[in-house]
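Please examine the model shown below, with its sequence alongside.

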Amino acid sequence: MGVEEIPKETLLELYGTMHRIRTYEETLAKWYYEGKSPRFDISAGPIPGELHLSSGQESAAVGVCIHLRDEDAVIGTHRAHHFAIAKGVDLKKMTAEIFGRATGLSGGKGGHMHLFDAAKNFSCSGIVGASFPQAVGVGIAAKLKGEDYVAVAVGGDGAANQGTFHEALNLAAVWKLPVVFLIEDNGWAISVPKDKSTAVAKNSERAKAYGIPGVSVDGADVIAVYEVAKEAVERARRGEGPSLIEVRTYRLRGHFEGDPQLYRPKEDFELAKEKDPLDNFRKLLLEKDIATEEELARIEEENERKVQEAIDFALNSPYPEPEEALKGVFAGGD
Amino acid sequence: MARKLPMYKAIAEAIAQEMERDENVFVMGEDIGAYGGIFGATNGLLEKFGPERVRDTPISESAFIGAALGAASKGMRPIVELMFVDFFGVAMDQIYNHIAKAHYMSGEQVKMPIVITTAIGGGYSDAAQHSQCLYGLFAHVPGLKIVIPSNSYDAKGLMISSIRDDNPVMYFFHKGLMGLGWMPSPEEAAVEVPEEPYTVPIGEAKVVREGDDVTIATVSRMVYEALWAAEELEKDGISAEVIDLRTLVPLDKETLIDSVRKTGRLLVVDEDYMSYGMSGEIIATVVERIGSELKALPRRIAYPDVPVPYSRVLERFVLPDREKIVKTVKDMVG
């Protein structure tokens, strides 16, 4: 299957979502540094705490989530904005959450690393490797309930060295569960390069150990991701069991905002630009005469408007009442 | 010669000096090499000692913390860093079933001279999975020494003691005391630190401010909140004694009881969760011995039993601080 066989509408959706994610992340970055100069103070500004942005890694989210329905679950990582957006999480509520406002997804209790949208079956976590076993559980639920929904567990290349990854792969394989394990390989576990932490060149090779399909795909090519993910999601939905996908991406920004990235060689920054999935896809759409400059510009303007609306919504929302901090520990009232 | 050092440099200096003194000392952990530790506690060690003795690990905590046990059993003295205390869940078995118990279970055949270091504390909107203290959880397990320095002098001396100790020591440094620049930290935490190696004994509390009306017992960053509160209280003619417990296991009961016997009142301030933790333990320790001598019921200000919320307004509401201390002491003395 090549780009020619994918409907134009789908291609533009892929591009539009990727561009919306990039616009969102770069806009958030600007807001993050508000109130943090001249001295960078992580606790200051309208977005305090850590912020892990996904610029450069959009294809992994978009190429997978385009095959998903609302009832399919995506369990993301600490770097999850791209998956949240691709899964259809409300941009306004998500932004309000990141700005710590009462109108946020969790009323300001979760924050950027802990985005929950039950309606979209989306969640994420600040603990590396937490997603894999949780996705197994979603798969069990689907099987027990006789539904055909699937679960996507996202982890970085660093997370593939966690016990949870191996335990969950085995369990999903043994029980033939509808799970897609997605390793989003950006080459770095914060400052530790993959070749210093991982004994195999490609995490997809680890699928062999659990008797499931494993594919590695170049994240610079969103169409390649789209195709590989289509097969894995359809296989899961047909009840044929789990798959492992490795998407090779590059981080355009630091591990977190404020990361000086002194550990990162120059070539890696250059490769990140060269392998930018958004730039590559834009060029492809134009070169193949799939879309015109005007069509893309319209999509881009629309995205900028949507992102601005989300930011405005957050900024105009109230902060939660302080006492709210004590509520909600238990279901059914505290 | 002494010079003022931020806590992170004091810790790194202590480790470096012990590595020079004893070739069995080595360091493992995530981002402790090229990055120098996310919170700087291993700053400069890789350059000095090379990658054999300063080992960046994959994100495989069960593996590298368990490996500390194996290395210790062969006479090494590993120092293992796990970035945030919140992350320990993934490796707890190796800590509480093995490292903590090996000496006892083996009938004292094996020693576990391991130092496990980690960052604690919130106050900068890093939310529920990156802001906890949890030292109470580890203090609960027999066999682990618990060290929690509040300034750079103690940090260096306690680190050297921890490395030389033949028992597993959990060494907790508060992010908000490290003096990192990008994370707010009280200036008072960066004190004069001698260049030469020295020890601060594990198991000795320190009276950091003398007073007659109330004893405020606390650790870590709350020492400063207590000191600032004591200054406020002074204006109202209330004289507060502040004790920096410095280590929870072993606990310096004598210093604590001598102080409460003098003041007749006890307030415990704890950034860890309220229930089943340090605050209850300290109060029980005092009441069991001199409960009948108290002039007021003992009180505690601890983290209410809720996960750490993200939004700044919510987090401030639940985090213990000087205002809460002042108010509570006035209630007790009034």
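The coordinates come from a predicted model. Over all chains, the structure holds 19 aromatic pairs. One of them joins A:Tyr15 and A:Phe281, whose ring centres are 6.3 Å apart and whose planes make an angle of 45 degrees, a tilted arrangement. This pair links distant parts of the chain, with A:Tyr15 in helix α1 (residues 8-33) of chain A and A:Phe281 in helix α10 (residues 277-287) of chain A, 266 residues apart. Both A:Tyr15 and A:Phe281 are buried.

In chain B, B:Phe88 and B:Phe138 form an edge-to-face pair, because their planes stand at 75 degrees with the ring centres 5.3 Å apart; planes over 60 degrees apart count as edge-to-face. B:Phe88 belongs to the loop between β4 (77-84) and α4 (92-99) of chain B, whereas B:Phe138 belongs to helix α6 (residues 135-139) of chain B, so the pair ties together parts that are 50 residues apart in sequence. B:Phe88 and B:Phe138 are both buried. Elsewhere, B:Phe39, B:Phe84, B:Phe87, B:Phe173 and B:Trp182 make up one aromatic cluster.

Aromatic rings in chain A also receive charged groups. The charged end of A:Lys36 is placed over the ring of A:Tyr32, 3.7 Å from the ring centre. A:Arg101 lies over the face of A:Tyr319, at 4.1 Å from the centre of that ring.

In soluble globular proteins, nonpolar side chains tend to be buried together. The largest nonpolar core has 171 residues, and those touching the most other members are B:Phe39, B:Ile65, B:Phe88, B:Tyr135, B:Phe138 and B:Leu245. Beyond its neighbours within four places in sequence, B:Phe39 is in contact with B:Tyr8, B:Met83, B:Phe84, B:Ala119, B:Phe173, B:Lys175, B:Met178, B:Leu180, B:Trp182 and B:Met183. Another core, of 22 residues, lies apart from the largest one and includes A:Ala153, A:Phe165, A:Leu177 and A:Ile183.

Which residues does B:Gln129 contact, leaving aside its neighbours within four places in sequence? They are A:His114, A:Ser125, A:Gly126, A:Ile127, B:Asp86 and B:Phe87. With A:Gly126 there is a polar contact, in which a polar atom of the B:Gln129 side chain lies 2.5 Å from the backbone nitrogen of A:Gly126. B:Gln129 itself is in the loop between β5 (115-120) and α6 of chain B. Its relative accessibility is 22%, and B:Gln129 therefore counts as partly exposed; the cut-off for buried is under 20%. With a relative accessibility of 0%, B:Thr247 counts as buried. A polar atom of its side chain lies 3.0 Å from the backbone nitrogen of B:Gly203, and the side chain of B:Thr247 also reaches the backbone oxygen of B:Pro250 at 2.8 Å. Not counting residues up to four places away in sequence, B:Thr247 touches B:Ile146, B:Val147, B:Leu158, B:Ile202, B:Gly203 and B:Glu204.

B:Pro250 leads on to the backbone. Most residues other than glycine have a negative phi, and most peptide bonds are trans. The peptide bond from B:Val249 to B:Pro250 is cis, with omega near -5 degrees, and B:Pro250 lies in the loop between β12 and α9 (253-263) of chain B. In chain A, the peptide bond from A:Ser37 to A:Pro38 is cis, with omega near 5 degrees. A:Pro38 is found in the loop between α1 and α2 (58-65) of chain A.

B:Arg246, which is not a glycine, has a phi of about 65 degrees and is situated in the loop between β11 (240-244) and β12 of chain B. At 7% relative accessibility, B:Arg246 counts as buried. For A:Asp289, also a residue other than glycine, phi is near 55 degrees. A:Asp289 lies in the loop between α10 and α11 (293-315) of chain A, and its relative accessibility of 68% makes A:Asp289 count as exposed.

Conventions:
Residues numbered from 1 in each chain as written. Chains lettered and ligands numbered in written order. Predicted model: local features only at pLDDT ≥ 70, side-chain atom pairs only at ≥ 80, totals over all residues. Heavy atoms only, no water. Phe/Tyr/Trp six-rings, centres within 6.5 Å; stacked < 30°, edge-to-face > 60°. Helix = DSSP H or I, 4+ residues; strand = E, 2+ residues; numbered from the N terminus. Buried < 20%, exposed > 50% of the residue type's maximum accessible area, 1.4 Å probe, protein only. Lys NZ or Arg CZ within 6 Å of the ring centre and 35° of its normal. Contact = heavy atoms within 4.5 Å. Polar contact = N/O pair within 3.5 Å; in protein donor to acceptor, adjacent residues only side chain to side chain. Core = buried A, V, L, I, M, F, W, Y, C linked by side-chain atoms within 4.5 Å.
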